[in-house]
There are 2 protein chains.
Amino acid sequence: MINKLVAGIKKTEAPIVVGLDPMLGFVPQHILDKAFEEFGETLEGAAEAIWQYNKGIVDAVYDLIPAVKPQIAMYEQFGIPGLVAFKKTVDYCKSKNLVVIGDIKRGDIGSTSTAYAVGHLGKVKVGNNSYAGFDEDFVTVNPYLGTDGVKPFADICKEEKKGMFILVKTSNPSSGEFQDRLIDGKPLYEHVAEKVAGWGEDVMGEDYSYIGAVVGATYPEMGKVLRKLMPKAYILVPGYGAQGGKGSDLANFFNEDGLGAIVNSSRGIIAAYKQEQYAKFGAQCYADASRAAVLDMKEDLMQAWNK
Amino acid sequence: MINKLVAGIKKTEAPIVVGLDPMLGFVPQHILDKAFEEFGETLEGAAEAIWQYNKGIVDAVYDLIPAVKPQIAMYEQFGIPGLVAFKKTVDYCKSKNLVVIGDIKRGDIGSTSTAYAVGHLGKVKVGNNSYAGFDEDFVTVNPYLGTDGVKPFADICKEEKKGMFILVKTSNPSSGEFQDRLIDGKPLYEHVAEKVAGWGEDVMGEDYSYIGAVVGATYPEMGKVLRKLMPKAYILVPGYGAQGGKGSDLANFFNEDGLGAIVNSSRGIIAAYKQEQYAKFGAQCYADASRAAVLDMKEDLMQAWNK
């Protein structure tokens, strides 16, 4: 799957992943009205609204980008109906040949980590049958529990030729509280990065490992160091746009060949029509605004990509 | 909810939480047969089997214990039907007046963390209505992202009078890879513990905070230090039984009054009938074996509790 991701980035010339993180406040009124008319102001109604909203965006941008990253929390908040919308979104994106990164930030130990890995990347055995629960292509994983937490995901990745991105340095302001603390003269995130590089050696694709890393766009200087520490890890970069990161800040995350990083934008794309810059599209044409925002992001990233 | 938990522990004299972490391999054949007969060897069949299995255990032990801790990964592996079984289990346990700790180990930032908190502890707004998605009483939270990840949970806890347990020192062998690394002469888990104590000051119940901590039974010496660093945090202690922790190791986790800790056992209770000690019950009476195992655990813990 890492090979498919790299091929998709080369083909689209867009190291972009669109974060499908729908909030009801982003969904245009006409979609809300229709969903609530059919299902009422219920969890089912909310789930229908975010699914239709997602579908519109995916239809408008799928040919421009290699991957999407649905954030499962935004679906989980609507309980079971929300998770049904998550699954529908994953399936629909895969039918459009997009690589799907499930932003699930799971992490546990032993058989529990295996259960998450099986549920999101693999197949679970039921009697003589096997079923995929959510069936994303990649997931995000929290490293706090160490190798015991990561190994079960790596095993399933190997089996299914899928992948994961491990949180190394997150994009939020307080990420430094623990991640930046110095251990033997080096910040914790560098120690995590060294582990990521080690874990990844075992599960190599053609040029990059099945195991990548999450490093926030908001910390470009750290990106430079981390790029070197994990030469074979694809870096998933959140924090572009709404969180303040800019294309020109991102050169450090890429390798010389322009590969090695994929930059996420969520509300900057999916709620583009709410920004002044794209307001002309209006709520009815929200998906066209998203398409325009992807094209603008692609241009902005060129500065970093073709450094 | 922390007050309800403490009251329940006092009433049952059992600082015990039963981990409802069903694996299909634990479910007795007669339950599997019935579920597969009705739903086939499908995800729905698996979900029905684990739900019926859980129900039997809860019916057999609910009067002995204050709380249960369903591990969501074990349900999530069966996709949507599995999560429906999770929700049924949560609701059923609450109807039996048990405190429900959702072992979800979520952790993200900002609006995403809020979405998890809303989905698991709070209510989500849909138009003019509000709905609880999963509605546990407590959840477990991963601290790697710092205050940005924890604060949204704390806000919802305050609003709903619910609680959370933050991972401080986990019970697994490789937990030391990052958690034990020294920062300014102290291991990372102590720094996390100090934060937990600080975060918890803002959301106090009667004697304990809404914000507790997870500290593995397998590290009793660390338990001693952590008990002192977080005097108002209830400690959720995994790793008893199957992972090697014993009652006599646990004295350090409790305060002088015998409160301050609640010890989890999962397969040691729910799959007791598979152990030699309880084999006489047989698979048909698996729930009676679980009851016997709870009573034995209670006695074993007395050593620590009445130190």
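I started with one ion pair: the side chains of R181(B) and D184(A) form a salt bridge, N to O at 3.0 Å. I count a salt bridge when a side-chain nitrogen of Lys or Arg lies within 4 Å of a carboxyl oxygen of Asp or Glu. Between chain B and chain A the count is 8 salt bridges.

Ground rules before going on. This is a predicted model, where local features need pLDDT of at least 70 and side-chain atom pairs count only at pLDDT 80 or more, while totals for chains, interfaces and linings use all residues. Residues are numbered from 1 along each chain as its sequence is written, chains are lettered from A and ligands numbered from 1 in the order written, and side-chain values use heavy atoms, without hydrogens and water.

Next I looked up polar contacts (N or O atoms within 3.5 Å, one able to donate a hydrogen and the other to accept it; residues adjacent in sequence count only if both atoms are side-chain atoms). I got 40 residue pairs between chain B and chain A, both at pLDDT 80 or more. On the side of chain B that touches chain A, helix 6 (residues 110-120) of chain B gives the most, with 7 residues. Helices here are DSSP runs of H or I, at least four residues, numbered from the N terminus. By class, that side of chain B has 35 nonpolar, 24 polar and 13 charged residues; Gly goes with the polar ones, Tyr, Cys and Pro with the nonpolar.

How many residues does each chain put into the contact? I found 72 from chain B and 72 from chain A, with contact meaning heavy atoms within 4.5 Å. The buried area (accessible area lost on putting the two together, 1.4 Å probe, summed over both) is about 5,800 Å², and carbon and sulfur atoms give 61% of that. E41(B), Y144(B) and F178(B) supply 15% of what chain B buries against chain A, more than any other three residues.

Last, helix packing within chain A. The axes of helix 6 (residues 110-120) and helix 7 (residues 147-160) of chain A come within 8 Å and cross at roughly 40°. I took axes as lines fitted to C-alpha atoms over the stretch in contact, with angles from 0 to 180 degrees between N-to-C directions. The contact residues of this pair divide into 6 nonpolar, 4 polar and 1 charged.

Conventions:
Helices (H or I, at least four residues) and strands (E, at least two) are DSSP runs, numbered from the N terminus.
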